[in-house]
Amino acid sequence: MGMLEGLLGQVTSSLTGAAGQQGGLAGSVLGMLTSGQGGVQGFVQAMEQQGLGHLAASWVGNGANLPISPEQVQSVLGDAKLQELAAQHGLNVQELTSHLAQILPVAVDKLTPGGAVPAAGGAGGLGGLLGGLLGGNNPG
């Protein structure tokens, strides 16, 4: 579990430095994954449509989370959503996709406890995710 806690610490640190406020980008990711456009279920389906279902399955499942590249993040979220998020957080799209490549596997993992994708619009483990992204000790 030390590696997961280390990753969460690195993500939080990078968010603080890049976005100017701790958890700002993480909060946007939470919003994206827990509301609108099908929630986690819709995001997983979008990944499957882009040929990245194996990555999503690793995040939802109970094993190790496979990494996603910034380019793959861009293919799933699309330019319009990335430009919107980048503008909100004072980042360029390249910086944003790099941060999202670190955040998304952890976020989806935390929102799918026990390897189950919540129903569309369901918050899943929102409390555990927020605590984990901001430094809590929630096992994934």
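This is a predicted model: local features need pLDDT of at least 70, side-chain atom pairs count only at pLDDT 80 or more; totals for chains, interfaces and linings use all residues.
The chain contains 7 helices and 0 strands, and its elements follow the pattern α-α-α-α-α-α-α along the sequence. Of its 140 residues, 41% count as buried. When contacts between residues at least 6 apart in sequence are considered, 63% of them join residues at least 24 apart.

Helix 2 is mostly covered, with 9 of its 11 residues buried. The buried residues include Gly24, Leu25 and Ala26 towards one end of the list, and Met32, Leu33 and Thr34 towards the other. Ser28, Val29 and Leu30 are also among the buried residues of helix 2.

Helix 3 spans residues 39–49, and its buried residues are Gly39, Val40, Gly42, Phe43, Val44 and Met47. The cover over these residues includes helix 2 (24–34), helix 4 (53–60), helix 5 (70–89) and helix 6 (93–111). Just after helix 3, glycine 51 adopts a positive phi of about 80 degrees.

In soluble globular proteins, nonpolar side chains tend to be buried together. In this model, the largest nonpolar core has 29 residues, of which Leu33, Phe43, Met47, Leu100 and Leu104 touch the most other members. At least two residues of this core come from each of helix 2, helix 3, helix 4, helix 5 and helix 6. Helix 6 provides the largest share, 8 residues. Phenylalanine 43, a buried residue of helix 3, touches Leu33, Trp59, Val76, Leu77, Leu104 and Val108 when residues up to four places away in sequence are not counted.

Serine 58 is located in helix 4. Serine 58 has a relative accessible area of 12% and is therefore buried, the cut-off being under 20%. A polar atom of the serine 58 side chain lies 2.7 Å from the backbone oxygen of leucine 55. Apart from neighbours within four places in sequence, serine 58 is in contact with Gly63, Ala64, Asn65 and Leu66.

Serine 75 belongs to helix 5. Its relative accessible area is 33%, so serine 75 is classed as partly exposed. The side chain of serine 75 reaches the backbone oxygen of glutamine 72 at 2.8 Å. With neighbours within four places in sequence left aside, serine 75 is in contact with Gln50 and Leu52. The C-alpha atoms of serine 75 and alanine 46 are separated by 9.4 Å, and these two residues are 29 residues apart along the chain.

A search of the whole structure finds 1 salt bridge. In the salt bridge, the side chains of lysine 81 and glutamate 84 meet at 3.7 Å, N to O. An α-helix has 3.6 residues a turn, so residues three or four places apart point the same way. Lysine 81 and glutamate 84 are separated by about one helical turn because they are 3 residues apart in helix 5. Lysine 81 is partly exposed, with a relative accessible area of 23%. Glutamate 84 is also partly exposed, and its relative accessible area is 40%.

Methods
Residues are numbered from 1 along each chain as its sequence is written. Side-chain values use heavy atoms; hydrogens and water are left out. Buried means under 20% relative accessible area, exposed over 50%, partly exposed in between (1.4 Å probe, protein chains only). Helices (H or I, at least four residues) and strands (E, at least two) are DSSP runs, numbered from the N terminus. Contact means heavy atoms within 4.5 Å. A nonpolar core is a set of buried Ala, Val, Leu, Ile, Met, Phe, Trp, Tyr and Cys residues joined through side-chain atoms within 4.5 Å. A polar contact is a pair of N or O atoms within 3.5 Å; within protein, one must be able to donate a hydrogen and the other to accept it, and residues adjacent in sequence count only if both atoms are side-chain atoms. A salt bridge is a side-chain nitrogen of Lys or Arg within 4 Å of a carboxyl oxygen of Asp or Glu.
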